[in-house]
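Here is a short briefing for a first look at this structure. Start with the surface, then move on to the fold as a whole and a few local details.

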Amino acid sequence: MVDKKSPVLKKEDVLNPTTAAEKLTKNKVKDQQDELSEEDQKLVGELEMIVERLKESSTEIHHSALEALSNIIRSTTGSMTTVPKPLKFMKAHYQTLIDIYNTWSDEKNKRFLASILSLLGMVYDRDNKRDCLKYRLLAGYENGAAYEWGHEYVRHIAMEIGAEYSEKVEEGAGDDVSTEQLLKIALEVVPFFLKHNAEADAVDLLVELEHHALIADYVTKETFERVCLYMISCSPLLPPPTDLGFLETARAIYRKFGKPSQCLPLSIRLGQPALIKEDWESCSTRMEKAQLAFIMARQQVHMPELVDLDDDELLACMNNTNLSKSYLNLARDLELLDPKLPEDIYKSHLENVNMDVTLDSARNNLASTFVNAFVNAGYGTDKLMTANADGNEWIYKNKDLGMLSATASLGMIMLWDAEVGLNQIDKYLYTDDNSIKSGAILAIGMLTSSVHDEADSAKALLSDYITEESNPAIVKLAAISGIGMAYAGTNREDILDLLLPVVSDTEITIDLSSIAALSAGLVCIGSGNSDVSTVILQAMMERVDSELNHKYARFMALGLALLYLGSQGTYDAILETLKAITHPISKQASIMIQMCAFSGSGNVLEIQKMLHMCTEHMGDKEDQLPQAFAVLGVGLIAMGESIGAEMSLRTFDHLMQYGEPYVRRTVPLSIALVCASNPLVGVLDTLNKFSHDNDKAVATSAIFAMGIVGAGTNNARLAQLLRQLATYYHRDADLLFVVRIAQGLLHMGKGTMTVNPYHHDRTLLSHTALAGLLIPLVAMINAEKLIVTDSHFLLYYLVRAMYPRFLLTFNEDLESISASVRVGQAVDAVGQVGRPKTITGFQAHETPVLLAHSERAELATDKYIPLTNVLEGFVILKQNPDYQEDKDVS
């Protein structure tokens, strides 16, 4: 009977085969000994004879006895679930052999016996003495000796190496020789793991020894892909700075094997322009550079200085110049060029509403303006604004700021096509009506977002409207918003010179300063620019409380937070400075900075902090705003990691049941952030339930969230739910307006776009796209003051998040070609043995094709070799020199 030392089973005990054997044979040991078969009795006799020989004094007999014992152990056969019989019967002699070892003096025989004791130690070490490792070190581990007893033995050795190392580090007792010895034996084991499809075990062992970077010296052409995939997948689950260390090591491995297109996403995630430049210069061909330029354009990393001055074609790739043309080619192939009317989306004839209710026609027209803009985004034509030579007719069907949004919708309809779009918009810049002029100014900013034109048209056209003091506030507001949209993520000093004076000017209204701070945050997003943060903080301090209570003041705090998006630190000084501001906005800004800094990181500790804030009782109304931002923070931090995202959805249910009013109204918005353009059935059901909530603010948030969750997917089930909501709320103008907006979002780009900020097989987070999603969600927290009343133009910030979800293929001359691809549900193949399938339930298509949120594409032909391992967006294919025509036909 084994004495129990503690109620908790040790890990070694759980894995110990002897323990398993003893449990199975409990109370039957004596019977078994009586019932041993003739063959087993013979084996027991042989083993006893060998042990007796080892007890003798003659060293010549010792070696032959050890050879015999080794052969018996090696030649035994058994199943995976049973302990081999020789090991089972050697239990009685284990201590005897240890005593024999201690009395011997012959080094050669001692090493041989130590090797056998190491194997027996794996089975019989019950007191956590790590005999397996101890005797392996005594027996020697060079020249393959470390893995002479097979795979399970090596795994056990690796486990003991890790445990021994951590114990020495914790106690601080490990002298350098000892830890060095552990590293040496580990480096003997690592090649064995890599050779036998156990890359994960190799990486884990080196991580435990705090030397994961050494894996780069041992990977081969056959194993490097799997090692890198494992390390990149582990990165979000590790604490800093190990998480970035994993990415750096994976990048070093890709660089070693000449894979610049796989290095680049890691360099972007590490946020180091010097590494991006290194990847660019490591490209051996011009086409590889073009592929990198396409990836950089999608991520909005603009570094034109890398391109040779005379290479206009490469510069066009980096500037995203051909995005509009490619998008329209896709629409032509999918026969989507015909413009749609809002009524084609509403399908009012299916709503079963008695239409004798008096409707606010201006509000309906405003909703139709947004629906028209979202549905026809990027197509260049529609039936309301561009159908007639003069679009004034539709503009004048709106009133006040509705005219601004109507004119600005041209920017979304002409999205990415600066040349044609500017001609369409230009005529509205000379009107006397400030609302129409402001709309045209905002449209210019939207038009040039995500693309860079050499003429720098957005700055040329908008800068005067910002600097000219005689311009009305609404015109300035539109120009500031527009320039923020156009130059998001560029870090351009000349743009900041336009914006920062507006932020710091206390003579002007808080709404202008706040939007200027937001635009400055967009321009320098994720850079931690100290000059911008200083100006915004100073502006906050100089404003009186009544101004900081303004509905737009939150955007000043958001502008400050965007500077630290994804930085995971470096903001402590800012938080300390914020404490000097007595107004509640300091608390709002503090939470926003923390949630933005860890956006997409999946950091569990930060999520716990946010949840803790959500549970506090902070008074009424505006005092609860920090809690609302904390709820958004939970979604923002969790969205980058699938398990965390799933757990956050469960957490939101609890917040809905027990949270304060502002917490409840923000929960649907946070769900939208986690599941943007990913209409999961369970999420749709949850949001549909919330959309019938007694609290009108919760219902408003839920309906808008349904639009974001289904954005650009044409999801039929969601379309039906929204039609039912239009019927349900047909008497409530505000909620009906939001339902219409959601319907427009659902059919965004006629089902060809996404607003999800993750791309490149969900490994890269676009900061500008995330900001474009975050701004409308922050505005929706107080929808009754902002989106539903006079600030509906804030919805246009979504243009930064909108992007086609296509796959287009090009040949080496950058001409569009059609290639056969398989598109299916992505499968996580990390750590799986062999060459597992990366997609399931696939269908064969010819490019161009659309990819849904959880889908992945792979080439279905050997005719071409892609220059990137992720088939998404723009992909360059080169001819396979080994391709034979009949190979595909068969």
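Asp308, Asp310, Asp312 and Glu454 gather in a patch of negative charge on the surface of this predicted model. Such a patch is made of residues with over 30% relative accessible area and no salt bridge, with like charges joined within 9 Å. A salt bridge here is a side-chain nitrogen of Lys or Arg within 4 Å of a carboxyl oxygen of Asp or Glu. Residues are numbered from 1 along each chain as its sequence is written, and side-chain values use heavy atoms, leaving out hydrogens and water. Local features need pLDDT of at least 70 and side-chain atom pairs pLDDT 80 or more, while totals for chains, interfaces and linings use all residues.

**Exposed and buried residues**
- Glutamate 454 sits in the loop between helix 25 (434–447) and helix 26 (457–467).
- Glutamate 454 has a relative accessible area of 66%, so it counts as exposed (buried is under 20%, exposed over 50%, partly exposed in between, with a 1.4 Å probe and protein chains only).
- Valine 667 belongs to helix 38 (residues 661–674).
- Valine 667 is buried because its relative accessibility is 0%.
- Leaving aside residues up to four places away in sequence, valine 667 touches Val631, Phe652, Leu655, Met656 and Phe690 (contact means heavy atoms within 4.5 Å).

**The whole chain**
- The protein chain has 44 helices and 12 strands (DSSP runs of H or I with at least four residues, and of E with at least two, numbered from the N terminus).
- Its C-alpha atoms fill a box of roughly 115 × 70 × 55 Å along the principal axes.
- Of the 890 residues in the protein chain, 56% are buried.
- Among contacts with a separation of 6 or more, 72% link residues 24 or more positions apart.
- The mean positions of the 79 positive and 119 negative charges are 5 Å apart (Lys and Arg count as positive, Asp and Glu as negative; His and the chain ends are not counted).

**Backbone details**
- Most residues other than glycine have a negative phi, and most peptide bonds are trans.
- A cis peptide bond joins threonine 847 and proline 848, with omega about 5°.
- Proline 848 lies in the loop between strand 8 (839–846) and strand 9 (849–850).
- Asparagine 197 is not a glycine, yet its phi is positive, about 60°.
- Asparagine 197 is in the loop between helix 11 (176–195) and helix 12 (199–208).
- Asparagine 714 also has a positive phi of about 60°, and is found between helix 40 (696–709) and helix 41 (716–728).

Definitions and conventions
Patch = residues over 30% accessible without salt bridge, like charges linked within 9 Å, V, L, I, M, F, W, Y side chains within 5 Å. Areas by Shrake-Rupley, 256 points an atom, 1.4 Å probe, with all protein chains shown as cover. Charge placed at Lys NZ, Arg CZ, Asp CG, Glu CD.
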